[in-house]
Amino acid sequence: MQTQQKILVLDDDADWLDLCREIFLQLPSKPDVRTASSARRALAMLESEPFRLLICDLKMPRMDGLQVLAIVRRRFPGLRTVVLSGLEDEEFRSRAYALGVDLFWLKSDMQRNSKMFTECLESLLGHDTDGGFRGIQSKSLMDIIQMECLSRSSSVLRITRGPLVAKLWLQDGELIDAEAEGARGEVAFRRILAWKSGTFENLPAEPGRERTITKPINALLLESAQAMDENANPSTETQFVDASHRKTIWKLSLLTREGAEFVIAVPPEGQGEPEALGTQSADQLAIWTRHAAEIVKELGDKIEAGPLSHISGNNLEKQLMVLPHGDKSFLVGWPPGAASNQLLEQSRKLVASWDS
Amino acid sequence: MGFLKKLSRLFRSRAGVQQLPAGSVTVDRDGHVVTSTVSSAYPKALLGEIGRDVLVLFREARAAQMPLAEVTIHFTSLRITARELRGGAIIFLFPQTALSPMPT
């Protein structure tokens with residue numbers, strides 16, 4: 001006999017909780033729907049009895065949804081989580097997915113498209129209850145694309161790798177378009193395949209999408225796999241020089257496309273030379289970058305302010321960004337007129353592409 | 001009651017979570033705190049550390065031929081914005097919460 005699944009809905013709006021309860025009770029699996037109007041109450045309920053799914057708002061007094069999700073992820077790793085928020089901001093979507101939520105849905109979309117939302121919930125309640133693997137992190141991107149194509153599905157695969165976002169358009173099991181790092185079509189597809197890690201999300205199909213890729217998917221995957229093998233094992237010195245030259249050209253084009261003035265990649269002391277493009281005073285700036293990152297990280301530890309995200313600075317001639325990335329630090333210089341509210345995102349993209 | 005009071009005092013004194021500073025601080029060219037609106041409960045020594053590190057950033061940037069007028073350090077839970085003032089600096093400290101807008 002199938003057991004009744006339990007859903008916990010957390011929101012500080014009592015009317016919204018009533019509405020959700022009414023909607024979720026209509027789900028085909030007839031779940032047991034419980035509600036909580038505060039994070040503390042929700043956590044107490046999760047401690048006291050097993051739930052299958054937590055549906056959580058983001059903006060709440062005292063403890064917000066992101067804090068709740070962080071706690072839930074640690075304490076109840078098996079619990080499925082859905083964010084149902086009114087905050088129409090891509091940033092919160094990314095933060096929620098980074099915390100490992102299964103689904104992010106806007107309240108306005110839920111009201112407009114309640115059927116699709118309830119289908120998603122039903123799917124989260126239903127599948128893989130008897131083991132199997134969760135998520136697709138253990139699969140390579142090639143595997144995922146092949147699975148999508150074999151199932152003859154139509155969808156848009158959104159792939160996120162740090163600040164980089166790419167999309168693949170699939171129509172009836174065929175790859176029709178790709179977009180990544182400012183490129184489109186086959187070039188974009190090859191760039192995406194070079195990404196070694198990331199997160200994936202299936203979006204609804206876009207049937208009207210213009211077709212830019214005509215080659216069969218198997219041919220494309222084979223070509224890309226061969227190219228990756230060749231890059232990984234350069235057989236002669238000439239090939240190595242060519243690859244290095246191509247890499248420099250590609251980095252310069254990246255710099256120009258994003259509108260940055262210079263980039264300096266600074267490894268930790270004693271682990272190689274800084275790599276710079278677009279500046280004559282790379283050595284001095286590399287010393288400053290390395291030391292700045294070190295003292296600021298130490299300061300962060302002393303005052304218990306958490307890990308360093310980045311350092312920004314400016315004068316009349318330039319805007320600067322220092323970003324830690326792996327064991328390196330990157331200094332990116334921007335012209336004074338560059339839109340300061342986009343510099344962080346652009347710098348992150350540049351750094352992620354630089355090191356890919 | 002007396003016993004409970006003693007117990008609560010004991011636990012309070014052992015609480016190890018450091019409060020994040022909020023407010024502004026002015027430091028002179030030697031890193032000494034001149035004025036501050038940060039709560040007096042926050043350790044002065046740590047405010048001094050912040051001031052000195054910020055001055056080092058400005059000084060070394062100048063030495064690298066890249067003098068800076070303003071520096072912002074973004075930690076996960078604290079943003080420190082510093083403006084240079086004739087060798088010293090004025091420093092603004094903003095604790096960050098999970099729903100604070102993303103820094104730029």
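Predicted model: local features only at pLDDT ≥ 70, side-chain atom pairs only at ≥ 80, totals over all residues.
Angles between helices here run from 0 to 180 degrees between N-to-C directions, along axes fitted to C-alpha atoms over the stretch in contact.

- On the chain A side, H11(A) brings Gln284(A), Trp288(A), His291(A), Ala292(A), Ile295(A), Val296(A), Leu299(A), Lys302(A) and Ile303(A) to the contact.
- On the chain B side, H2(B) supplies Leu46(B), Glu49(B), Ile50(B), Asp53(B), Val56(B), Leu57(B), Glu60(B), Ala61(B) and Ala63(B).
- Sort the residues in this H11(A)–H2(B) contact by class and you get 12 nonpolar, 2 polar and 4 charged.

**A helix pair inside chain A**

- Helix H2 (residues 39–48) and helix H3 (residues 65–75), both in chain A, pack at an angle of about 15°, and their axes are 11 Å apart.
- Angles under 35 degrees count as roughly parallel, so that is the label for H2(A) and H3(A).
- The crossing of H2(A) past H3(A) is right-handed.
- H2(A) makes the contact through Ala39(A), Leu43(A), Leu46(A) and Glu47(A), while H3(A) uses Val68(A), Ile71(A), Val72(A) and Arg75(A).
- By class, the H2(A)–H3(A) contact has 6 nonpolar and 2 charged residues, with no polar ones.

**Glu47(A), a closer look at that pair**

- Glu47(A) sits in helix H2 of chain A and is partly exposed, at 47% relative accessible area.
- Which residues does Glu47(A) contact, leaving aside neighbours within four places in sequence? They are Arg75(A) and Phe76(A).
- Glu47(A) and Arg75(A) are 28 residues apart in sequence, and their C-alpha atoms are 9.0 Å apart in space.

**Two loop residues with positive phi**

- Lys30(A) isn't a glycine, yet its phi is positive, near 50°.
- You'll find Lys30(A) in the loop between helix H1 (14–24) and strand E2 (32–36) of chain A, where it is partly exposed with a relative accessible area of 48%.
- Glu304(A) isn't a glycine either, and its phi is positive at about 55°.
- Glu304(A) belongs to the loop between helix H11 (282–303) and strand E13 (308–314) of chain A.
- With a relative accessible area of 43%, Glu304(A) counts as partly exposed.

- Neighbours within four places in sequence aside, Arg158(A) touches Glu90(A), Val165(A), Ala166(A), Lys167(A), Thr199(A), Phe200(A), Glu201(A) and Leu203(A).
- Over in chain B, Gly23(B) lies in strand E1 (residues 23–27) and is partly exposed, with a relative accessible area of 23%.
- Gly23(B) and Phe94(B) are 71 residues apart along the chain, but their C-alpha atoms are separated by 6.9 Å.
- Again leaving aside neighbours within four places in sequence, Gly23(B) is in contact with Thr37(B), Val38(B), Ile91(B), Phe92(B) and Leu93(B).

**The chains as a whole**

- Chain A contains 12 helices and 15 strands, and 43% of its 356 residues are buried.
- Of the contacts in chain A between residues at least 6 apart in sequence, 58% link residues at least 24 apart.
- Chain A has an accessible surface of about 18600 Å², with 51% of that belonging to carbon and sulfur atoms.
- Chain B has 2 helices and 5 strands, and they run α-β-β-α-β-β-β from the N terminus on.
- Of the 104 residues in chain B, 36% are buried.
- Among chain B contacts with a separation of 6 or more, 41% are between residues 24 or more positions apart.
- The accessible surface of chain B is about 6100 Å², and carbon and sulfur atoms account for 58% of it.

Methods: Residues numbered from 1 in each chain as written. Chains lettered and ligands numbered in written order. Heavy atoms only, no water. Helix = DSSP H or I, 4+ residues; strand = E, 2+ residues; numbered from the N terminus. Parallel < 35°, antiparallel > 145°, perpendicular 65-115°, else oblique. Left-handed = near helix turned anticlockwise from the far one by under 90°. Contact = heavy atoms within 4.5 Å. Nonpolar A, V, L, I, M, F, W, Y, C, P; charged D, E, K, R; others polar. Buried < 20%, exposed > 50% of the residue type's maximum accessible area, 1.4 Å probe, protein only. Areas by Shrake-Rupley, 256 points an atom, 1.4 Å probe, with all protein chains shown as cover.
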